[in-house]
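Subject: Structure handed over, with notes

Hello,

Please find the structure below, followed by notes on what was found in it.

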Protein chains: 2
Amino acid sequence: MKERGKGPCAGCKLLRRKCVKDCIFAPYFPAEESQKFLTVHKIFGASNVTKMLQELPESQRTDAVSAMAYEANARVRDPVYGCVGAISSLQSQVDSLQAQLALAQAELLQFRLLHHHRPPPPSSVAAVNSPTSKHLSAVNLSCDGGAGDSLWSY
Amino acid sequence: MKERGKGPCAGCKLLRRKCVKDCIFAPYFPAEESQKFLTVHKIFGASNVTKMLQELPESQRTDAVSAMAYEANARVRDPVYGCVGAISSLQSQVDSLQAQLALAQAELLQFRLLHHHRPPPPSSVAAVNSPTSKHLSAVNLSCDGGAGDSLWSY
């Protein structure tokens, strides 16, 4: 969907081809996003990206391209594990949080059984939660964790 | 690394080429794992997989192929979000667990302040944790979650 008066999209420019009116890359890789196309092309290959987009309705292509760009960037940053590093880090975080929560809930249960009452929930929950949320953001951006055995199920 | 007496590796068989002694695919895509190569080839393309493997030391190639196979399978199952769906689901799970843990810990703190003692940790933590661990496995295998805004940072 090349607009009149504009140059070719980032995809056609890199592939040195004419950017036609109904170019499948143009809506998702505008001229100013050449790095995004370059990374997706390096990891998936332009022809695979074309096939993947053609198999999806237009309403889902923006999300698909964003997910592909995320995956491709993760693999460029971490050529061994790619996004799977982030999945592994998040899984470890979930396992650890589940264990801590189970322990805290079991302890609370004992307190309630011992004292037959429950104090009102405190007002400082948001403040307590804030630092762990920051830790999560760090995990999202790094994508550099090792991959656990549970991921190798293929 | 084709072994004498065996046929070509899954990669060379699919690409209909001679499987040479130092074939880069052979150690990771044996003849009996044709589906694994087919999926990785469909998503990344054989030439990109070759380049990615050539850029890694041999000691890291097995993990890299496993991660690529995981990513490729996730994208075949979920052509819009791929692995990013799993990352999004895990992030939501981490956010929810962090909020629940913060609440439970704040409540425990209040109990301790009120009663000036702490009961011994219960012996049933593993049993309490087990169901949530099963839930995590379900998330790993599905890869079908939506992708959150925090993932679209490219």
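Rings of Phe, Tyr and Trp (for Trp, its six-membered ring) pair if their centres lie within 6.5 Å, and planes under 30 degrees apart count as stacked, over 60 as edge-to-face and the rest as tilted. By that rule, ring pairs link F25(A), F29(A) and F37(A) into a cluster.

This is a predicted model, in which local features need pLDDT of at least 70 and side-chain atom pairs count only at pLDDT 80 or more, while totals for chains, interfaces and linings use all residues. Residues are numbered from 1 along each chain as its sequence is written, chains are lettered from A and ligands numbered from 1 in the order in which they are written, and side-chain values use heavy atoms, with hydrogens and water left out.

Aromatic pairs

Over all chains, the search finds eight aromatic pairs. One of them joins F25(B) and F37(B), edge-to-face, at 5.0 Å centre to centre and 65 degrees between the planes. F25(B) lies in the loop between α1 (10-15) and α2 (34-44) of chain B and F37(B) in helix α2 of chain B, so this pair ties together parts twelve residues apart in sequence. F29(B) and F37(B) have ring centres 5.1 Å apart and planes at 85 degrees, so that pair is edge-to-face too. F25(B) and F37(B) are both buried, and F29(B) is buried as well; buried means under 20% relative accessible area, exposed over 50% and partly exposed in between, with a 1.4 Å probe and protein chains only.

The charged end of K36(A) sits over the ring of F29(A), 5.4 Å from its centre. In chain B, the charged end of K36(B) sits over the ring of F29(B), 5.4 Å from its centre. The criterion is NZ of Lys or CZ of Arg within 6 Å of the ring centre and within 35 degrees of the ring normal.

Chain A

Chain A has six helices and zero strands, helices being DSSP runs of H or I of at least four residues and strands runs of E of at least two, numbered from the N terminus. Buried residues make up 47% of its 154 residues.

In helix α3 (residues 46-54) of chain A, the buried residues are A46(A), N48(A), V49(A), T50(A), M52(A) and L53(A). They pack against α1 (10-15), α2 (34-44) and α4 of chain A together with α2 and α4 of chain B, where contact means heavy atoms within 4.5 Å.

Regards
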